[in-house]
Amino acid sequence: MDLAHNAAVILIALLIDAVVGDPDAVWRRFAHPVALIGRAIGWADARFNRLELDEAVRRRRGVWTLVALVVSAFAVGVAISWSLRGLPYGVLIEGAIASVFLAQNSLHRHVSAVLKAWRAGGLEAARTAVSMIVGRDPKRLDEAGVARAAIESCAENFADGVIAPMVWGVALGLPGLIAYKAINTADSMIGHNSERHRAFGWASARFDDWVNLAPARLSGALIVLAALLTGRPWREAWRAMLRDAPRHASPNAGWPEAAMGGALGLALAGPRVYAGVKVDDPYMNAGGGPARMEDISRALALFRAACLLGAVAVAAVWLLVSA
């Protein structure tokens, strides 16, 4: 893989995604690539994950499903990248394709929509908006709960919707970026600890944890740096991240969440309710205060600064390897 080429593609992709995002008009007419990946996963789940089978058999089938998915996604990326090499403006086209798999713009829109809904329609409108981005029961959320959910989603999805695809795109090019999105989509669809997916989705959940190890920690560090640049208490963000992230139920989600909580002076994560089941997780930055709706604006400012820092890091890689 040509690291300079990869970095150029991802830098272009980050810029396009930041400015244009995912145009709704396009995806109303055509199937989004991530939706196509989701259809393939759904088909495999319905075809191979039969509950009457032994759990060990279902786990093996889940492993092979993941292998087929990743190999296919990587191969599609190789075919696209190879076909564009040598074409006039090929790197720009490849960057435009890569931008489809980044979530800077869409994440910012969805999180800011919660605050806009609150200002326009109060708590019920905000609950509806936040239900678009989190899986917890919105009817059980008060103002602090809605704000906390939106800010946590901003932090966690910064890691797996922006930084992880950026990292794998720079490391392995468009093939690595598409393969990562396939892994992450599989985890979100079947990587659950439920009766149906505990065995079949085991490989997807574990592999998603692995491919996010470095990006999650990088995302936390970028939030700390963003706090420094925006005049937030970056030392508190750093301390909270190192202290609390290892206590999170996820090996990865705690890093950006704890850093965000420390930078904003908020207690994030903690007890939550999903489908009527209470999840009693520890707080990230437990000494912080409860989230308020206006804190969403502060979180988004940190998010924008952290995204900019991510782009600067990619630009630095491009300059170093191109010299």
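# A walk through the salt bridges, helices and backbone

With a relative accessible area of 11%, Asp45 counts as buried, since the cut-off for that label is under 20%. The model in which this residue sits is a predicted one. Asp45 is joined by a salt bridge to Arg196, and the closest N and O atoms of the pair are 3.3 Å apart. Asp45 belongs to helix α3 (residues 33-48) and Arg196 to the loop between α7 (143-190) and α8 (202-211), so this contact ties together parts of the chain that are 151 residues apart in sequence. Arg196 itself is partly exposed, at 29% relative accessibility.

Arg239 and Glu236 meet through their side chains at 2.8 Å, N to O. Both residues lie in helix α10 (residues 234-244), three residues apart, and are therefore separated by about one helical turn. Arg239 counts as partly exposed at 42% relative accessibility, and Glu236 is likewise partly exposed, at 39%.

The other bridge links the side chains of Asp244 and Arg243, with an N to O distance of 3.0 Å. Asp244 is buried, having a relative accessible area of 3%, whereas Arg243 is partly exposed at 46%. Through salt bridges with shared partners, Arg243, Asp244 and Arg247 form one network.

From side chains the account turns to helices. Helix α4 (residues 55-84) and α7 have axes that come within 7 Å and cross at roughly 150 degrees. Angles over 145 degrees count as roughly antiparallel, and α4 and α7 are therefore placed in that class. Their crossing is right-handed.

The record also marks parts of the chain. In an unreviewed UniProt entry, the annotation "transmembrane region" covers residues 61-80 and 301-321. In the model, residues 61-80 are 100% helix and 0% strand, and the C-alpha atoms at the two ends of the span lie 29 Å apart. Residues 301-321 are also 100% helix and 0% strand, with end C-alpha atoms 31 Å apart.

Two residues deserve a look for their backbone angles. Most residues other than glycine have a negative phi. Tyr89, which is not a glycine, has a positive phi of about 60 degrees. This residue is found in the loop between α4 and α5 (90-99), and Tyr89 counts as exposed, at 63% relative accessibility. Ala269 is not a glycine either, and has a positive phi of about 60 degrees. Ala269 is placed in strand β1 and is buried, at 0% relative accessibility.

The protein chain averages a pLDDT of 93, and 98% of the residues score at least 70. Confidence is highest in helix α9 (residues 213-229), at 98, and lowest in strand β1 (residues 268-274), where the mean is 78. The positive phi of Ala269 therefore belongs to a residue of strand β1, the element with the lowest confidence in the chain.

Conventions:
Residues numbered from 1 in each chain as written. Predicted model: local features only at pLDDT ≥ 70, side-chain atom pairs only at ≥ 80, totals over all residues. Heavy atoms only, no water. UniProt positions renumbered as here; feature names shortened; annotations may be inferred. Helix = DSSP H or I, 4+ residues; strand = E, 2+ residues; numbered from the N terminus. Salt bridge = Lys/Arg side-chain N within 4 Å of Asp/Glu carboxyl O. Buried < 20%, exposed > 50% of the residue type's maximum accessible area, 1.4 Å probe, protein only. pLDDT = per-residue confidence, 0-100. Axes fitted to C-alpha atoms, helices over the stretch in contact; angles between N-to-C directions. Parallel < 35°, antiparallel > 145°, perpendicular 65-115°, else oblique. Left-handed = near helix turned anticlockwise from the far one by under 90°.
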